[in-house]
Amino acid sequence: MHGRPRKASKPEDEEASAAKGEKLRALQSQLLSNHRHKIYTKEAVELSTKLLEINPECYTAWNYRKLAVEHNLTQSDSDPNSVKSILEEELRMVEIALRQNFKSYSAWHHRKWVLSKGHSSIEKELKLLEKFQSADPRNFHAWSYRRFVAALMNRSEEDELEYTQSLIDKNISNYSAWHNRSFLLSNLMKKNVEGFTKKDEVLIKEYELVREALFTDEDDQSGWFYHLWLLEQTVKAKCPVLVATWPVHGSDLILLRDRYLDASPSSPFSAFQFDSGTFPLILYFSQAVEGVNSSTVNVDFGSNLNQDLVWKPLSTINSHAAQVWITQLSLPNADLHSLEAYPVEISLGHCQGIISSSGIHYSQSSHFSFTVRVQPVKKESTEVSGVEKMSWTDENFYLCEPYSGESNLVAWFQQVGLGNEHELEANAWQAKIIEEEMEHFRLLSDCKIGKLTLARLLTAHDSLMSSGKLVHSEEILALYSDLMKSDPSHYWYYKDQHSMVLLQQVMSSREYLSHCFHYRDLTSSIRGYPICLRLNKLSLSRIGSVEKLLWVQMLDLSHNELQSIEGLDAMQLLTHLNLSKNKLSSFTALEPLRQLKSLKVLDISYNEIGAHSIDTTRYLCSSPLSHSVGNEWEGDKILIDGVSLTNYWEAFFVLKGLKLTQLDVVGNAIADENFTLFLVKVLPTLKWLDGVQLN
C-alpha cells in the first residue's frame, strides 16, 4: 500500500501472528462476556485495555469502556478528583492506542467523547496533536480532531489559518493543510469576518499563494487540488438561480390532440401533442434545491388551483432536493373547437422556502409567462387507425430552413432560457482573476495537469460571459483532445469533458440550426411530427446542456459513445428517442427513461446491453437501480403471465411504467427469444418490436 512492496512472511513471523491471534480471540471472548453481564470492575476494564493495546480498532471495546466510565462516574459521588482521575485514565489509554495506530477512527472518537465531558484540561491537546502531525502531517484524523479542539478552546479561525500557513511553508505537499485551509477560509468568508469580507481580495491572495507552490513543484498534486477549489469559489454562484423553464417565457404553446396542425404556431417548437389532458411545467435551477411547492411557486392558470399542484423533484437518489422540478397543469375547460389563448403566469422568489443543498435561500424574484391554445380536433383524424412505424434513416429527415416562412428558428432560440434578467451576472473581478490565471497557466500547459487546469480556466471564463458566447471552445476542445492522447489512463474523463464543451458549443451558436430536422415518411398519411434534434455521429460520451433541450420532443443520439444517459430525465417532452449504436452496457444506464412518461418510440439497438457479466454502469452512474428502486421490488412477483423476471429485473423496472408503441433492441446480447416474450408482456401498448408489427 502507498508504494510499499509486500514482503514474504518468515516462519517465525507466522508463528508470532498465530499466537497474537489466539490471545486476541481469548481477550475478545472475555470482553464480550463482561459487556453482556455489565461487569465494570477494575480487572474487567484492564482487560479491555490489554485488548485495545493489541487492536485499537475494536470499537466494541471502546463502547464497553464508555459504559464503564459512565458507571464509575456514578459511583464517584461527584468527587472532582475521582472524576478527573477516571477521565485522565481514558485519555492515557487513547494515547497508547494512537501510538499503536494513529489513524484509528475508534480511538479518535473516544478521545472526543472524553473531552466532551468537560472535566479534562484541553491545553495539552494541541501539543499532543503537534506530535502526531509531525509524525504524519497528512493525518486527516488529527486534522479533524484539531478542529474539534480549536472549537472547544474558542481558538480563532484566523489563528488556525496562520497555523496551516506555517505547515505549508514547511512542506507544500501537505495536502491536509491545504484542505484545512479551504475549510477555514469558507467559514471566514461566510461569516464576513473582518479581513475576509471582500471575496475578491481573499481569493486573489490565495491564488498567489497556490501559484507559488505550483510553479515550485508542478508535479505535486496538493496545490492543484487547492487551485481547483479556488476556481470553484470564483465562478460558483452563491445563490441558486432559475436558469431555464418549459414552456419558455413569452411562448405561444399549442396543444394537439392529434398530429394534424392547420394553424401555424409562433414557432415549430411550440406544438405539443398530449393524451392525458395535462401538460408539464418544468423549472430548471442552477443547483439542486428543495422546498418547491404551491407556497413558494405561484401558478395562475384558469381553473388550476395553485394549492392543488403537486411539484415533483427529478432526483434519481430519492432525495427531496433536485435541480429539476416538474408539475402537471390541467387543460382549461373550454370549447376544444376554438383556438382561444389562455394566459399562464408563473412567479417564484416572492417568499422564502426554496433552499439549496448548501443552505442558501433562493432570493431572486422570478416571473415568466406564456399562453396556451388547444388545437381543434379534426374529424378526419379519427379515421386514421393504427400506429405506423417510425424510421430513423437519414433519407426520412430534411434540414429546417432558418429563413423559410415556416419558421424563424434564430429568433426562437434566443428565447430559450429566461433572458438577461435571469442570467447569472458576471462580475468584473471574477473575469479579471480568471484572465490572469489563464495567462499564468499557459506557461504550464506542457504538463498534463497544467493543460487540464488551463481547459478548466477557459471553460470558467466562457461561463462568466453574459452574452453566452463560447470564445474559447475550440481551444478547450483541442486541449482535451491532446489529453486523451497523452494520458490514456484518464481517457474517459477527458472524453466526458470534451463532450460537454462540444454540446455547449452546439447549443450556443447558429450551429444549433444545422441539427434541427423535419421528419418525413413519404409512405405515411400521418402529418405533423415535431422538430427532431439530431445530435448523432458527434462521438459524445456524456450528455450536457440539458437546460437548453427542454423543448425537444424528438432526439437522435445514435452513433455516439454514450455509456449512460444521466440528465435526460429533465426532457419531459420526449416522445421519440434514438440511442442506437452507443456503448450502453445495461438497463441501469437507461434509468432516466423511467421519468419520461411521454415516450412512445425508443431505439436502443446495437449497444452492449447484456454483454457484460458485471454491471460496470453501477460505477459510472450516480444512482444505480439497486439503490433507487430496490424498495419497490415485490419479492413474490417474479412471474408475469408465466414469464420470469429473474434475468430481466433491471429492464422491468426501467420499462414497466412506459407506454411505448415502438421499441428496437436488436443487436444487443440480451435480445433473444425469451427477452422478446418478456418485452411483449411488460409493454402491452407495444405495436412494433425490432421492425416487426405485433398482432
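These legends cover close-up views of a predicted model.

**View 1. Helices α9 and α10 pack against each other.** The axes of α9 (residues 175-190) and α10 (residues 199-216) come within 12 Å. They cross at roughly 170°, and α9 and α10 are therefore roughly antiparallel. From α9, the residues in contact are W178, R181, L185 and M189. In α10 they meet K199, V202, E206, L209, V210 and A213. By class, this contact has seven nonpolar, three charged and no polar residues.

**View 2. Five strands form an open sheet.** The strand order is β3-β2-β10-β8-β5, and the pairing is mixed. β3 (271-273) and β5 (297-300) stand at the edges with a single partner strand each, so one side of each has no neighbour in the sheet. On average, neighbouring strands are turned by 25° against each other, direction ignored. Within the sheet, β2 (residues 252-256) and β10 (residues 366-374) pair in the parallel sense over four bridges. I254 has R373 in β10 as its bridge partner.

**View 3. W143 and Y163 form a tilted aromatic pair.** Their centres are 5.9 Å apart, with 50° between the planes. W143 lies in α7 (residues 140-152) and Y163 in α8 (residues 157-170), so the pair ties together parts 20 residues apart in sequence. W143 is buried at 2% relative accessibility. Y163 is also buried, at 13%.

**View 4. F215 and F441 form a tilted pair.** The ring centres lie 6.3 Å apart, and the planes stand at 55°. F215 in α10 and F441 in α13 (residues 428-441) are 226 residues apart. F215 is partly exposed at 38% relative accessibility. F441 is buried, at 0%.

**View 5. Ring pairs build an aromatic cluster.** The cluster links F102, W108, F132, Y145 and F148. Across the whole structure, a search finds 24 aromatic pairs.

Note on methods. Residues are numbered from 1 along each chain as its sequence is written. This is a predicted model: local features need pLDDT of at least 70, side-chain atom pairs count only at pLDDT 80 or more; totals for chains, interfaces and linings use all residues. Side-chain values use heavy atoms; hydrogens and water are left out. Axes are lines fitted to C-alpha atoms, for helices over the stretch in contact, and angles run from 0 to 180 degrees between N-to-C directions. Helices (H or I, at least four residues) and strands (E, at least two) are DSSP runs, numbered from the N terminus. Angles under 35 degrees count as roughly parallel, over 145 as roughly antiparallel, 65 to 115 as roughly perpendicular and the rest as oblique. Contact means heavy atoms within 4.5 Å. Ala, Val, Leu, Ile, Met, Phe, Trp, Tyr, Cys and Pro count as nonpolar, Asp, Glu, Lys and Arg as charged, and the others, Gly among them, as polar. Two strands pair if DSSP finds at least two bridges between them. Rings of Phe, Tyr and Trp (its six-membered ring) pair if their centres lie within 6.5 Å; planes under 30 degrees apart count as stacked, over 60 as edge-to-face and the rest as tilted. Buried means under 20% relative accessible area, exposed over 50%, partly exposed in between (1.4 Å probe, protein chains only).
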